[in-house]
Amino acid sequence: MTRNGLSAVMLRLLWNRRSYPSRSWIRSLRGCRGSLTAAAAALYGQACLLCGKHQRLLSAADRHPVLRFYAAQSCFLRGLPEEGLAFCSQVLTDYPGHLETVWLQSRILADLNRKEEAFTLLSQFADQRKAWIRMAGLVESPEDFAWMKRLRRRATQDGRISWTDATVLDYMALAAQRCGLYDEAFFFLNEIQANGLRLQSKHARISEQAALEALSDLTHACRSHQIDLFLISGTLLGFIRNGTFLPHDFDIDTGVFEQISPEQLKKTVQSAGRFEILPQRTSRCLKIRHVNGTPIDIFTHFRKNDDIFHGVLELTWHNTPFSLKPACFLGLDILIPDNPERYLRENYGPDWQRPVTQFDSASDCPNSTVENAEELRIRLYRSRLNQLSCA
């Protein structure tokens, strides 16, 4: 994608809100002393991240605490946790209640294997729902989950959260799921349904402009490291059937072959300087999010005999072996399976050309096999709760 300079990107962030959904520059102002200078710093910092102007951002970091927050984010995105942590500390000295810095610092501490410090930091902000999703992403053992349960009890007793807060219940279920306590996960999800509560939607539909920018940045990073990145699943379906992204899609689906190790893939993503690596539950899929807010899944594809397969914890999807061919997607040179129609027919059935807005890859794909029945049950149950909330 052609960059039109920082000023043009800043104007796009300020005015073009519907087709360009990244609003993190506004969130970065919460907890700051309001001023036009702070707003200008936030716009400049976000534009630098979007344009990959990291050195320019670091050079300007001393001019305002908001710019130091963006400098911390720049270091985090590029895999420089110690430098990012130093900037976070500076921001919190000036603005102790700057929540975006708190969330970022907790992620950096976790990356540095200082999980207890991250838990302690987040527990101070238990009245914020976002703290609970951050804590859920840190849970790796039953002991971690027991700590979260004790915190929830204390936070409800002192009035920081409601005992029937649907968002907190959902994240407690996710935390239990992450450490394999499936009965506990179902207990919290059942509490949501039993109390007639509604879940908040965690997904926003992607916009073509932001999605294309994110896909372009990832494609160029992979290409510079000699990694063949290709379109799969819903993104490939949108390309072949509609010539663009599916209008109801929430993320971008891509793939690489198994000779690319998970660590090599992470380093490639960090080299772009524009992607956050999200908490992982399996090495088979790397979940990332572009600085403009667009989520991307990168599935590792394995080849065995007459099968190419990829998956997540609960499911594996199987396809006839394929090679890759070049294609042009919205002006971007990309790779796709050499027989995309066959691939889509295997994934979505013979009527793959007919639009279905409520398609669920967990239950509707004819080429899937179950890997973990409990994980699948929870995924389907949560999907049902989301549908009830929307209804």
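Biologist: How many of the five residues of strand 6 (residues 307-311) are buried?

Modeller: Five of its five residues are buried, and strand 6 is therefore called mostly covered, where buried means under 20% relative accessible area, exposed means over 50%, and partly exposed is in between, with a 1.4 Å probe and protein chains only. This is a predicted model, in which local features need pLDDT of at least 70 and side-chain atom pairs count only at pLDDT 80 or more, while totals for chains, interfaces and linings use all residues. Residues are numbered from 1 along each chain as its sequence is written, and side-chain values use heavy atoms, with hydrogens and water left out.

Biologist: Which residues point one way from strand 6, and which the other way?

Modeller: Asp307, Phe309 and Gly311 point one way, Ile308 and His310 point the other way, and all are buried. A strand here is a DSSP run of E with at least two residues, a helix is a run of H or I with at least four, and both are numbered from the N terminus.

Biologist: What makes strand 5 (residues 295-304) and strand 6 a pair?

Modeller: Two strands pair if DSSP finds at least two bridges between them, and strand 5 and strand 6 have three bridges, in the antiparallel sense. They form a hairpin with two residues between them, and Asn305 in the turn has a positive phi of about 55 degrees. On its other hairpin, strand 6 is joined to strand 7 through three residues, and strand 6 pairs with strand 7 (residues 315-319) over four bridges, again antiparallel. Phe309 stands opposite His318 in strand 7, and Phe302 stands opposite Phe309.

Biologist: How many aromatic pairs are there?

Modeller: The count comes to 15 aromatic pairs, where rings of Phe, Tyr and Trp (its six-membered ring) pair if their centres lie within 6.5 Å, and planes under 30 degrees apart count as stacked, over 60 as edge-to-face and the rest as tilted.

Biologist: Why is the pair of Phe145 and Phe188 called edge-to-face?

Modeller: Their centres are 6.2 Å apart and their planes stand at 80 degrees, so the pair is edge-to-face. Phe145 lies in helix 10 (residues 142-157) and Phe188 in helix 12 (residues 182-194), so the pair ties together parts that are 43 residues apart in sequence. Both Phe145 and Phe188 are buried.

Biologist: And why is the pair of Phe302 and Phe309 called stacked?

Modeller: The ring centres of Phe302 and Phe309 are 5.5 Å apart and the planes are at 25 degrees, so this pair is stacked. Phe302 has a relative accessible area of 26%, so Phe302 is partly exposed.

Biologist: Are Cys88 and Cys365 buried or exposed?

Modeller: Cys88 has 0% relative accessibility, so Cys88 counts as buried, and Cys365, at 9%, counts as buried too.
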